[in-house]
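Please look through the sequence and the model below before reading on. The paragraphs that follow begin with backbone geometry and then turn to the ligand.

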Amino acid sequence: MATFKAIVIEKAESGTKASLADFDEANLMEGDVTFRPEYSTINYKDGLAITGKMPVVRRFPMIAGIDAAGTVEASSHPAWKAGDKVILNGWGCGETHLGAYGQKARVKGDWLVALPGGMTARDAMAVGTAGYTAMLAVMALEKHGLTPASGPIAVTGAAGGVGSVAIAILAKLGFTVHAVTGRPQEADYLKGLGAAEIVDRKELAGPVKPLAKERWAGGIDAVGSTMLANLLSMTRYGGAVAACGMAGGLDLPGSVAPFILRGVCLYGIDSVMCPLDRRKEAWKRLEKDLDRQKLAAMTREIGLTEVPEAAASIVAGQVRGRIVVKIG
Ligand code: NDP
């Protein structure tokens, strides 16, 4: 029996349990590409899955991990051959399909994106779903018509993964970025990524007015709930907010006033089932529009054995920037 090491989530007496285990290769799921993940990463959703805080995992046993970058071992898919370098983000991996925290993965070739020539597998996972989602959010604001001349852009959950990458991208594109954070001690870090101003998240935590003073031309929100509702009420006439997260809650306790009185638009960002063309565009843009030195400055590396601990930290809001996982 051939086995490989993986972080496996199983049902436990109460809830679920995640641990490093030997996984039988024969139990890999269907797919036309088998590849060797070299790096993965810790996203908020990985934290939810591993801690069992939300019912992210819908099949047991599950290999956790929604993201991987690695090398194709075998393929019957016309686009891929052994030796190709690939990126996998989402598509239910780590939720309904065996995921990325393992030395082997088998998936549909249609889910894969080629690793951009200028990036290593580690770079791609420093970006990960968090960073690729940040890029999708920036693309949504651009499509809306926002430019650096439109005015400042607020980024919530700023010191987290999506927030950190969003700040770096927006700054490189010339936008003035206001970083909304609950960690004022990270001000130097956030300014280093390109934030022009640090906003205490308490300013967006109070009761939501239908319309508040107009502050930002747009926003990227990783937090949801009261934070997103306040952000919408503070968005300038004709502005736009790209919402991608729920680190502060799934609800949206606001009013329609920003939409009907200020023409504000709210764009929903989904990375999991995002069509392949938009993914490819996002990765192309990430290669060009994300400063690699800033990416390195926001990233630290751990091994597979440290994944459960890092998962608990990200759900507790204690992770700064991005964590890559060396699969080994
Ligand atoms: P992180 O934990 O790295 O970042 C989240 C940040 O949100 C924290 O660092 C913190 O920022 C802030 N935050 C956390 N808890 C609260 C709270 N209770 N109230 C207000 N702010 C809070 O996670 P990621 O960046 O990886 O993901 C962020 C969100 O985006 C998650 O909800 C995730 O599920 C979602 N997501 C969605 C995707 C999609 O496809 N739509 C894809 C990727 C992520 P600070 O300390 O600076 O205040």
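A residue is called buried when its relative accessible area is under 20%, with a 1.4 Å probe and the protein chains alone taken into account. Keep in mind that the model shown here is predicted. Trp91, which sits in the loop between β6 (85–89) and β7 (105–107), has a relative accessibility of 15% and therefore counts as buried. The backbone of Trp91 also deserves a look, for its phi is positive, at about 60°, although Trp91 is not a glycine.

Another backbone feature is found at the peptide bond from Phe60 to Pro61, which is cis, with omega near -10°, and Pro61 itself lies in the loop between α1 (44–51) and β4 (62–63).

Now turn to the ligand, which has 25 residues around it, those that come nearest being Thr181, Gly182, Arg183, Arg201 and Ser271. In the side chain of Arg183, an N or O atom lies 2.7 Å from an oxygen atom of the ligand, while a polar backbone atom of Cys244 is 2.9 Å from a ligand nitrogen, and a polar backbone atom of Ile269 is 2.8 Å from a nitrogen atom of the ligand. Taken alone, the ligand would expose 910 Å², of which the protein buries 86%. The elements that each give two or more residues to this shell are α2 (121–144) and α3 (161–172).

Definitions and conventions: Residues are numbered from 1 along each chain as its sequence is written. This is a predicted model: local features need pLDDT of at least 70, side-chain atom pairs count only at pLDDT 80 or more; totals for chains, interfaces and linings use all residues. Side-chain values use heavy atoms; hydrogens and water are left out. A residue is near a molecule or strand if one of its heavy atoms lies within 4 Å of it. A polar contact is a pair of N or O atoms within 3.5 Å; within protein, one must be able to donate a hydrogen and the other to accept it, and residues adjacent in sequence count only if both atoms are side-chain atoms. Accessible areas come from the Shrake-Rupley method with a 1.4 Å probe; for residues, only the protein chains shown count as cover. Helices (H or I, at least four residues) and strands (E, at least two) are DSSP runs, numbered from the N terminus. Buried means under 20% relative accessible area, exposed over 50%, partly exposed in between (1.4 Å probe, protein chains only).
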